[in-house]
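Q: Could you walk me through some salt bridges and a pocket in this one? I'd like the cut-offs as we go.

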Amino acid sequence: MPDGLLLAGMAPDAVLGVTASIGGRRWVWRNGGGAAADDHERMGFALSQRLALPEMVGRLLAARGVAIETAPHFLEPTLRALLPDPSCMIDMDQAAARLARAVEQSETVGVFGDYDVDGACAAALLTTLLRGLGCPVYTHIPDRMREGYGPNPAALAGLVERGTTLIVCVDCGTAAPEALAHVAADADVVVLDHHKSDGPPPPILATVNPNRLDCGSGLRHLCATAIAFLTGIALVRHLRRDGYFAGGKEPDLIALLDLVALATVCDVMPLTGLNRALVAQGLKVMARRARPGIQALLEVASAKDLPSAFTCGFALGPRINAGGRISEADLGLRLLLSDDPVEARQLAERLDAVNRQRRTVESTILDQAMAQGEAQLAAGHAVLLLAHGDWHPGVVGIVAGRMKERFNRPALVAATLEDGTVKGSGRSVEGLDLGAAIIAARQSGLLLTGGGHAMAAGFSLQADRLEALHAFLDERLGEARARPAASALAIDGVMTVAAATVELAGHLDRLAPFGSGNEEPLFVLSRARVLRAERIGAEGNTLRLLLEGEGGGVRLKALLFRANESSLTSLLEAPGVAPVHLAGWLRAEAWNGRTTAGFFIQDAALA
């Protein structure tokens, strides 16, 4: 174990005695300390011995529930070991057979997607594959404001008018039997989706969805793009059996994994098991920068390091999403499909500009929403439900997420539309199923539309039902009242500034990719001193620090993002600030051929 590093289980349950940080959070050991920590210590030692790992990596693996038998696949996830037979999903064979017929007969195919990253990536993957196999393909991404989510009769009819005889809906369609029925007589319809539904699948040719009530595949944590990838495997297998590739070259399915990785991370799927393999291998494909659209977006975002889950979630995803939120819904898809570097650069720059506009709109709404949220908490509400006629429907989901983070309560944010309806999105906290509550509200007649999953949901209703909905959710999710004002911060270990080395950062990277289901290890730098603080970035929204330990010596660079709104900024910018404990992530950063350690600050407490 490196000098100056203390891991959970080697200390009392409290982390440095911090019960209320500058951010208002209690710092706790990720594994809870006590007997559980002792078990993880023993298992971690066994892992490190069996697999010749640093003890610290073994301990972190054990804290994440990784067993000796599964550790090799966790550290080196491969599709060969983890990829299932696509036929394990109900209706997959029917979908693959129909797609194969379309390829063999050069049919025109329509691909109907969603306006988020997963929808754009799934549509791009399927369109790329089918065009490469010789099918003419038309695509449609619905406008969030005019059309809303999911298939609609007018858009589907438009695809039929273009000559499509097969329509594939990706990342949508499971809950749209009425819309799909409008084209049932004119085209076959296949749905590739992962959203939950409280009813039977639509009466169409095939609905491939691991979250169908009657699907026993166990793949319910896959995003739509991953399902499209498995469909691609099934399609190519079917064509191979038909002898379609005799004397010819099969499509390179591995080259599509960059889209799967991007969608899996941005749709916040758990990075365990198959998803971990898909993302790990997809990031390797992305590193080749062979897709002009992703290459251009990486350049526009100034993402020079090797792509990571962080790159997908914070550099690429928000920019692709921005088009669907407040601009042209299909901008992201067009970027991902572009094979012209000049066109791709133009599209990437447009998305970057739209994303800057999105941040401005979001900031204005957030200020107003925070004030409403404070008032609702003071009034005793368990759930935050906020609505306003001037708010943009395209960013309410982002604001809901920020409200949930700030208040540690389920938060729903909505915009009142011109026709008098209210449309919004919600985000929940761990342990409270918001999607089930929204479905129940719809079934009770409170909502016009509504659905989702445990952590997120979408809904619409008449404006005069808002108060009734709020009361319904307050009762349904009433246990949220017992939650602390801020969620506890789970800490993996404590270290000195001198212990925060590039070698340690490299060991931590063995656990990547990080994300939902595999949180990046969070450490505390104990008793760090701020030598220098300066604002950087176009809007001065990032604070760059130079740190050292109490005894001087080794220095470490650190960054605080969203500095303009962070409660930590005034403390860290204050001249001559006393020693502080800093919670955050230690990462290795490459720049101009040199790799150094950097610390990314999440929270702080006075030492």
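Q: Let's start with Arg402: buried or exposed?
A: Arg402 counts as buried, at 11% relative accessibility, where buried means under 20% relative accessible area, exposed over 50% and partly exposed in between, with a 1.4 Å probe and protein chains only. This is a predicted model, in which local features need pLDDT of at least 70 and side-chain atom pairs count only at pLDDT 80 or more, while totals for chains, interfaces and linings use all residues. Residues are numbered from 1 along each chain as its sequence is written, and side-chain values use heavy atoms, with hydrogens and water left out.

Q: Which residue forms a salt bridge with Arg402?
A: The partner is Glu565, and the closest N and O atoms are 1.8 Å apart; a salt bridge here is a side-chain nitrogen of Lys or Arg within 4 Å of a carboxyl oxygen of Asp or Glu. Arg402 lies in helix α16 and Glu565 in the loop between β17 and α20, so the pair ties together parts that are 163 residues apart in sequence. Helices (H or I, at least four residues) and strands (E, at least two) are DSSP runs, numbered from the N terminus.

Q: And Glu565, buried or partly exposed?
A: Glu565 is partly exposed, with a relative accessible area of 47%.

Q: What about Arg358 and Glu362, how far apart are they in helix α15?
A: They are 4 residues apart in helix α15 (residues 341-378), which means that about one helical turn separates them.

Q: How many salt bridges does the whole structure have?
A: The search finds 28.

Q: Switching topic, how much space is in the second largest pocket?
A: About 560 Å³. Of the 30 residues that line this pocket, the closest to its centre are Thr128, Leu256, Arg291, Leu336 and Leu337. A pocket is an open set of points on a 1 Å grid over the protein atoms alone, where a 1.4 Å probe fits, with protein on both sides within 12 Å along at least five of seven lines, and lining residues have an atom within 4 Å of a point.

Q: Which helices supply at least two residues of that lining?
A: Those are α6 (117-132), α11 (273-287), α12 (292-300) and α14 (331-337).

Key. Grid points are joined across faces, edges and corners, and a volume is the space filled by probe spheres set on the points.
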